[in-house]
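Thank you all for making time this morning. Please have the sequence and the model open while I talk, and I will take the parts in turn.

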Amino acid sequence: MKILASLAAAACMSILAFFAPAISQSFELEESTYKAKEALDQIFTSQGLRKPRMKIVNSLLGSSLTKCSSGSTHGYTKVTKQSGPFYCPLEHTFYMPARFLEVFLYDYGPGAVSFVTAHEIGHAYQSQMGWQKQAPHHEYQADCIAGAVMRSASFSARERKEAAKAAFSVGGGSVHGSGIGRQESFMKGLKLGITECNR
């Protein structure tokens, strides 16, 4: 009986050890996501703005459906783990596909995940403020908002550095802007605050 009990205990430990990295990573993704949302909520409150009604879907366990279809103005689009993160204003939902964030977390650290969150939710802030810019300046402005969000004392210097590297990495193309432009926009918000993001 003692041998069986020992074998059972060893098996349980092996199972926990197998799942521990995934559980830890999932927690880190969610913590970084919600920390950015909380900091942005504080900015909304401090300026007397209505906090955006928003649901965050991490898409960790499979695919999700959204009304914000890619390349058209109607219908549903399937969001998978391979998709990039985006905010769907029709549903007030921020989709955070796990695969994309796992890569960011692994390559840059939790500060990069907070940057992505703050950038996407920043689009809701732009909408409330009536800030309308053409591409790629609309994205630059959201990067600036993300920088202002990460001025919060809840973020470490290391997380801010991770975010700056991530901002550079997502540059490319006429719609999303250059890596240098995105990183500079993030640093502008980080140094000067959110009121400077519309200047």
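Predicted model: local features only at pLDDT ≥ 70, side-chain atom pairs only at ≥ 80, totals over all residues.

Cys68 sits in the loop between β2 (64-66) and β3 (77-79), and its C-alpha is 5.7 Å from that of Cys88, although 20 residues separate Cys68 and Cys88 in sequence.

Residues are numbered from 1 along each chain as its sequence is written, and side-chain values use heavy atoms, with hydrogens and water left out.

Now the overall picture. The protein chain has seven helices and five strands, where helices (H or I, at least four residues) and strands (E, at least two) are DSSP runs numbered from the N terminus. In sequence order the pattern is α-β-β-β-β-β-α-α-α-α-α-α. Of the 199 residues in the protein chain, 43% count as buried. If we take contacts, meaning heavy atoms within 4.5 Å, between residues at least 6 apart in sequence, then 58% of them in the protein chain join residues at least 24 apart.

Let me turn to the helix pairs, starting with α3 and α4. The axes of α3 (residues 110-129) and α4 (residues 137-149) come within 8 Å and cross at roughly 115 degrees, the axes being lines fitted to C-alpha atoms, for helices over the stretch in contact, and the angles running from 0 to 180 degrees between N-to-C directions. That makes α3 roughly perpendicular to α4, on a scale where under 35 degrees is roughly parallel, over 145 roughly antiparallel, 65 to 115 roughly perpendicular, and the rest oblique. On the α3 side the contact residues include Phe115, His119 and Gln126, and on the α4 side they include His138, Gln141, Ala142 and Ile145. The residues of this contact of α3 with α4 divide into seven nonpolar, six polar and two charged, counting Ala, Val, Leu, Ile, Met, Phe, Trp, Tyr, Cys and Pro as nonpolar, Asp, Glu, Lys and Arg as charged, and the others, Gly among them, as polar.

Gln126 counts as buried at 1% relative accessibility, and, leaving aside neighbours within four places in sequence, Gln126 is in contact with Trp131, His138, Gln141, Ala142 and Ile145. In the loop between α3 and α4 we find Pro136, and the peptide bond joining Ala135 and Pro136 is cis, with omega about 5 degrees. As background, most peptide bonds are trans.

How many disulfides does the structure hold? The structure holds one, a disulfide being a pair of cysteine sulfur atoms within 2.5 Å, and this one joins Cys144 to Cys197 with an S to S distance of 2.1 Å. Cys144 lies in helix α4 and Cys197 in the segment after α7 (179-192), so the pair ties together parts that are 53 residues apart in sequence. The link of Cys144 and Cys197 is left-handed, with -80 degrees about the S-S bond. Cys144 is buried, at a relative accessible area of 2%, and Cys197 is buried as well, at 4%.

Gln183, in helix α7, counts as partly exposed at 28% relative accessibility. Leaving aside neighbours within four places in sequence, Gln183 is in contact with Ala164, Lys165, Ala167 and Phe168.

I will finish with Ser152, in the loop between α4 and α5 (157-169). Ser152 is buried, with a relative accessible area of 18%, and, again leaving aside neighbours within four places in sequence, Ser152 is in contact with Ala39 and Arg160.

How values were computed: Buried < 20%, exposed > 50% of the residue type's maximum accessible area, 1.4 Å probe, protein only.
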